Amino acid sequence: MRRSLAADRLATAVLWAVAVFVILVLVAIIAYFVIESIPTFSLAFLVADPSLTDIGGIGPVLWNSAYMLVLTMLLTVPLGVLGGIYMAEYAGEGWLTNAIRFSQELISSVPSIVVGLFGFALFVAATGWGFTALGGALTLMVFNLPLLLRLSEQAIRTVPADERAASLALGATKWQTIRHAVLPVAIPGVVTGIVLTAGRVFGEAAALLFTAGLSTPTRYDFSNLNPLDPQSPWSPFRNATTLSVFIWKSNSEGLGNYVHEVANMSSMVLIVMVLAFNLGSRWLGGALQRRVSGL
Amino acid sequence: MITTSAKRIGALAIAATVLVAACGGSSSSPAASAASAASAASAAAATSAPSAAAAASGAAPSGVAGPATCVDGSITTSGSTALQPLIDAAGKAYTAACPKSTISVQGGGSGTGLTQVLQGAVQIGDSDVTAESKLQASDASQLVDHVTTKQGWVVVTNTGVAGVTSLTSQQLQDMWACPSGQSAPKITNWKDVGGPDLPIVLILRPASSGTRATFKQVVLNGQTECSGQALTEDSNGAVTAAVSQTPGSISVIGFAYYQANKDKVAAISLDGVAGSVANMASGTYKLAAQGHMYTKGQPTGLTKSFLDYMMSDPIQKTLIPSLFYAPVQ
Amino acid sequence: MVIAAVVLLLGFIVWRGVQLFVVSGVPVTQILSPTWQPDPLSEGTTYGLLPFIAGTLAVMAVAAIVSTPLSVGLALFMAEVAPTWARRIAQPAMEVFVGIPSVVYGWLGLTILVPFLRVHFGWLGFTTGFSWLAGSLVLALMILPTITSISYDAFVAVPADMRSASLALGTTRWQAIRHVVLPTAAAGVATAIVFGLTRAAGEALAVQMVIGNSPIIPTSLARPVTTLTSQITLDMSDATGTWNEALWTMGLVLLLISLAFVLLIRWLGRGRSRA
């Protein structure tokens with residue numbers, strides 16, 4: 001008995017040690033970037049244009065990251081969530097459902113570089129668009145859509161059967177049930193799914209190398225609202241280097257003087273954005289749930 | 001989740017403001033005044049708009065005049081990373097003078113440039129090598145070559161390799177190439193070429209790179225590199241970083257990259273001739289090649305105007321020497 | 001629509017992937033050669049993919065060996081041991097881990113891990129720091145949250161009754177974990193590891209930045225090696241002709257590896273649901 005108690009204590013200690021170690025690694029990573037960035041960081045860095053020879057800034061690429069995020073999510077969220085509702089509420093068990101599920105699994109395991117090649121051939125070369133934000137967003141959608149589909153399906157499935165039965169018993173139609181009984185409960189899960197998907201948009205680089213382009217545009221004119229003008233920052237038909245791609249690019253193509261500083265500061269900005277996004281969306285999920293269930 | 005949220009109100013408030021600031025640009029006009037505290041991201045949206053600010057912080061060297069006449073439009077070039085600093089600076093000088101044109105300059109490598117210009121993904125493909133050496137004859141014949149500059153490469157080593165300042169082509173061949181049937185080069189230690197007792201670490205570019213092709217042709221006489229023992233890094237920038245970090249390493253980078261990293265890597269003369277713009281222009285330094293800009297068919301519009309600008313005096317006489325390339329004349 | 005996308009994607013990659021054999025007439029067996037000599041400027045080309053396949057599997061395997069104890073341990077900690085406050089730290093921390101983009105990991109690996117290996121373990125043969133081990137360690141960190149969160153779900157899914165039954169019999173917590181929780185969740189943990197491997201096999205940029213990219217069969221953790229993904233990133237933009245086709249064939253091989261993993265996950269899942 002004493003031996004098993006000792007083993008228990010040892011195991012607990014080991015598990016604690018593992019947990020503390022992993023968390024420390026994470027903290028160390030974040031601390032590293034913050035500490036490395038502080039001496040050279042200034043708000044101007046967030047605004048200025050990138051430069052091959054000077055420290056430059058990340059203004060346009062930051063804008064592109066946000067733009068790509070919105071564009072991809074506009075394409076992905078409606079399809080993903082509606083598809084999730086279909087899969088959870090309407091789809092029966094048949095070869096079709098099975099095939100969809102298998103496709104989902106397969107596509108989410110296809111390496112992003114392969115998806116990028118596919119996107120290049122289809123959205124860049126075949127369409128004749130060249131490197132565009134839209135091509136990048138469509139490529140991202142190829143693997144974001146199945147992911148969001150699966151996550152929202154799961155979220156909807158976890159809604160207890162009682163909720164549905166109660167609503168149906170009150171004479172509500174199936175859609176009314178979904179709208180008023182199922183979705184409010186599933187919202188936090190769906191939002192988590194959207195956040196996870198959005199996080200990939202922010203972080204993805206390999207799939208965008210050959211689709212959204214690597215150039216560093218300058219001089220965005222935000223008063224140019226024509227979405228078809230390739231010079232307008234609002235246009236989906238233009239090059240859009242995102243922050244992640246920029247980090248990779250500055251390592252490989254920068255002339256070298258400030259590569260270190262630029263990559264460190266960009267990494268820090270990227271991590272801060274991801275953090276802010278996670279926290280913000282949790283809050284949003286909670287708020288949405290209160291609102292929807294209040295209706 | 002709801003119960004814990006009360007404790008996080010502070011963090012959430014910050015996150016929310018950041019989020020609002022970050023998304024502000026996409027939902028509202030940037031002319032809207034930025035809220036004072038959390039304005040970092042929306043300020044980015046607002047102040048990067050005027051062209052003057054961008055031109056001031058860009059890489060375009062001051063004193064390079066713009067083109068004689070402007071053509072509006074938007075083009076993209078891609079390709080050689082060795083040519084990229086020049087074309088990037090020229091593009092910025094052009095667009096600084098012509099606010100209605102956009103010239104995006106991408107790297108990717110010579111093969112990228114050629115493939116993409118052929119596919120119509122870009123308007124100009126930049127290459128260190130001729131299209132004929134990379135593409136099938138039927139494809140290459142669709143492209144029109146514009147030689148706009150001459151560029152050189154320099155052999156560089158880690159600064160820890162003391163006492164070696166010059167190597168002959170023969171020595172470089174013995175360090176790079178595998179004798180037939182062997183998996184290692186003849187020379188694998190710096191002491192064999194007058195340096196310290198330190199293993200030689202070869203850093204190659206991918207076999208597809210124009211730099212590697214030029215080096216192979218000019219210095220190695222077409223012999224195959226011993227890639228099995230070497231590191232491979234994918235661009236001038238990554239090679240420079242690897243050479244500066246790795247003891248005993250040797251590689252080849254473009255002049256512009258060397259000039260920007262003089263304190264981090266050491267240059268090696270080739271057959272007793274130093275890699276300099278003057279030596280390249282006079283023809284005594286042999287590790288050099290023409291810089292090609294390819295178009296699919298004859299160029300028109302902004303593409304033509306930009307290529308003409310590349311051949312004009314502001315670029316050939318001012319910009320090119322300042323970035324360590326040589327003019328074509 | 002999802003099916004259409006998948007069929008299109010698969011069809012396309014297979015079509016491009018077999019061009020090497022069909023159009024250029026390279027014998028299929030040649031891709032198992034250890035020699036990668038695609039350069040048409042050299043005499044005699046050989047499109048041997050063995051170094052890349054072996055490299056991918058090797059880097060992946062070591063990453064899983066390093067990552068599994070840590071991530072399964074962390075998942076156990078979160079599911080079984082952690083007091084509420086600790087879980088409240090660990091869970092968001094995992095989300096942040098997932099959120100850190102792969103290029104950031106690659107950059108960290110390049111600026112910290114590679115020099116560290118070279119300076120402190122040069123005597124073990126890490127002469128340059130760019131190495132199999134460097135690639136695996138970066139990957140291990142990247143797949144950690146994947147394995148952790150999926151095995152955490154598996155542990156949580158173990159019915160509380162089973163645990164209390166065990167504890168009621170007077171076992172310690174560790175005994176309950178070892179004899180009840182771990183065996184019940186085993187298939188779930190295996191699935192988690194395979195998911196991690198899938199992510200590891202497909203990761204491109206982070207690995208390419210630290211691995212050295214030498215097309216040799218991996219023999220030493222200290223030596224540079226290469227992977228399918230990193231070779232695609234290096235060469236795709238520049239290679240033309242037959243060489244380019246060989247890269248698409250690499251993409252096809254990657255796809256087949258993913259397919260194998262997906263089937264493995266399904267098989268594990270079926271075993272689990274039957275149990």
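**View 1. Tyr86(A) sits in helix α3 of chain A.** Welcome to this predicted model, in which local features need pLDDT of at least 70 and side-chain atom pairs count only at pLDDT 80 or more, while totals for chains, interfaces and linings use all residues. Residues are numbered from 1 along each chain as its sequence is written, chains are lettered from A and ligands numbered from 1 in the order in which they are written, and side-chain values use heavy atoms, with hydrogens and water left out. Helices (H or I, at least four residues) and strands (E, at least two) are DSSP runs, numbered from the N terminus. Tyr86(A) has a relative accessible area of 39%, so it counts as partly exposed; buried means under 20%, exposed over 50%, and partly exposed in between (1.4 Å probe, protein chains only).

**View 2. Tyr86(A) belongs to a nonpolar patch on the surface.** Helices α3 (59–90) and α4 (95–109) of chain A each give two or more residues to the patch. Patches are made of residues with over 30% relative accessible area and no salt bridge; nonpolar side chains (Val, Leu, Ile, Met, Phe, Trp, Tyr) are joined within 5 Å, like charges within 9 Å. Accessible areas come from the Shrake-Rupley method with a 1.4 Å probe, and for residues only the protein chains shown count as cover.

**View 3. Chain C meets chain A.** Here 65 residues from chain C and 66 residues from chain A are in contact, meaning heavy atoms within 4.5 Å. About 5700 Å² is buried between the two chains, and carbon and sulfur atoms give 83% of that. Buried area is the accessible area (1.4 Å probe) that two parts lose on being put together, summed over both. Helix α3 (residues 84–99) of chain C supplies the largest share of the side of chain C that touches chain A, eleven residues. Three residue pairs across this interface are in polar contact (both at pLDDT 80 or more). A polar contact is a pair of N or O atoms within 3.5 Å; within protein, one must be able to donate a hydrogen and the other to accept it, and residues adjacent in sequence count only if both atoms are side-chain atoms.

**View 4. Chain B meets chain C.** This contact takes 31 residues from chain B and 28 residues from chain C. The two chains bury about 2400 Å² between them, 48% of it on carbon and sulfur atoms. There are four residue pairs in polar contact (both at pLDDT 80 or more). Among the elements that each supply at least two residues from chain B are α6 (110–119) and α10 (210–218). With four residues, α6(B) gives the most to this side of chain B.

**View 5. Arg212(B) and Glu225(B) form a salt bridge.** Their closest N and O atoms are 3.2 Å apart; a salt bridge is a side-chain nitrogen of Lys or Arg within 4 Å of a carboxyl oxygen of Asp or Glu. Arg212(B) lies in helix α10 and Glu225(B) in the loop between α10 and β7, 13 residues apart. Both residues are buried.

**View 6. Asp308(B) and Lys304(B) pair within one helix.** They form a salt bridge with closest N and O atoms 3.1 Å apart. Both lie in helix α14 (residues 301–310) of chain B, four residues apart, about one turn of the helix.
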